[in-house]
Amino acid sequence: MHDKLVNDINALNDRKDAIKAKIKVAKTQQKINKMTSNVGDSSASIAAFERMEAKADAMLDLANAETELNQTAASSEVENLAAKYDAAPDAAVQDELAALKAKLGQTSAQ
C-alpha cells in the first residue's frame, strides 16, 4: 500500500510538472504571438503613414494647380481689361464726347 501511495504521489508530481511545462510553453507562445502581431501592426502603421503622405501630396498638387489656374486667369483678365480700355473709343462715344464738350463750351482742341 505504501508503494502504491508513493507511486501515485510521484505520478501526480510528474503530472504537476507536465502542467507547469505546458503553462510555460503557452506563455512563451503568447509572447511570440504578441511580438509577431506588433510586427504586423508596425507594417500597418507604415502603410497608414504612406497613405497619409500620399494624401498630403495630393492636397499639395491640388493647391499648386489652383495657383497656376488663378495666375493664368488673373493675367488673362488683366490683359482683357487693358485691351478694352487701350482700344480707341468707337465713333458713337467720340460723337457723344464732342457734343458734351460743345455743350460746355469747350473745343475739341483743349
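D8 counts as partly exposed because its relative accessibility is 36%, where buried means under 20% relative accessible area, exposed means over 50%, and partly exposed lies in between (1.4 Å probe, protein chains only). This is a predicted model, in which local features need pLDDT of at least 70 and side-chain atom pairs count only at pLDDT 80 or more, while totals for chains, interfaces and linings use all residues. Residues are numbered from 1 along each chain as its sequence is written, and side-chain values use heavy atoms, with hydrogens and water left out.

The side chain of D8 meets that of K4 in a salt bridge, at 3.4 Å from N to O, the term being used for a side-chain nitrogen of Lys or Arg within 4 Å of a carboxyl oxygen of Asp or Glu. By this rule the count comes to one salt bridge. Both D8 and K4 lie in helix α1, four residues apart, which is about one turn of the helix; helices here are DSSP runs of H or I with at least four residues, numbered from the N terminus. K4 is exposed because its relative accessible area is 54%.

Further along, helix α1, which covers residues 2–86, also holds D57. Together with E50, E53 and D61, D57 forms a negative surface patch, and such patches are made of residues with over 30% relative accessible area and no salt bridge, like charges being joined within 9 Å. M59 is found in helix α1 as well, whereas A88 has its place in the loop between α1 and α2.

The table lists the accessibility of three of these residues.

| Residue | Relative accessibility | Class |
|---|---|---|
| D57 | 43% | partly exposed |
| M59 | 58% | exposed |
| A88 | 70% | exposed |

Helix α2, residues 91–104, has 14 residues and reaches 20 Å from its first C-alpha to its last, close to the 20 Å expected at 1.5 Å a residue, the expected span being 1.5 Å times one less than the number of residues. Helix α2 is hardly covered, since the count of buried residues among its 14 residues is zero. Just after α2, G105 takes a positive phi of about 90°.

Notes
Patch = residues over 30% accessible without salt bridge, like charges linked within 9 Å, V, L, I, M, F, W, Y side chains within 5 Å. Areas by Shrake-Rupley, 256 points an atom, 1.4 Å probe, with all protein chains shown as cover. Lys, Arg positive; Asp, Glu negative; His and termini not counted. Charge placed at Lys NZ, Arg CZ, Asp CG, Glu CD. Helix = DSSP H or I, 4+ residues; strand = E, 2+ residues; numbered from the N terminus.
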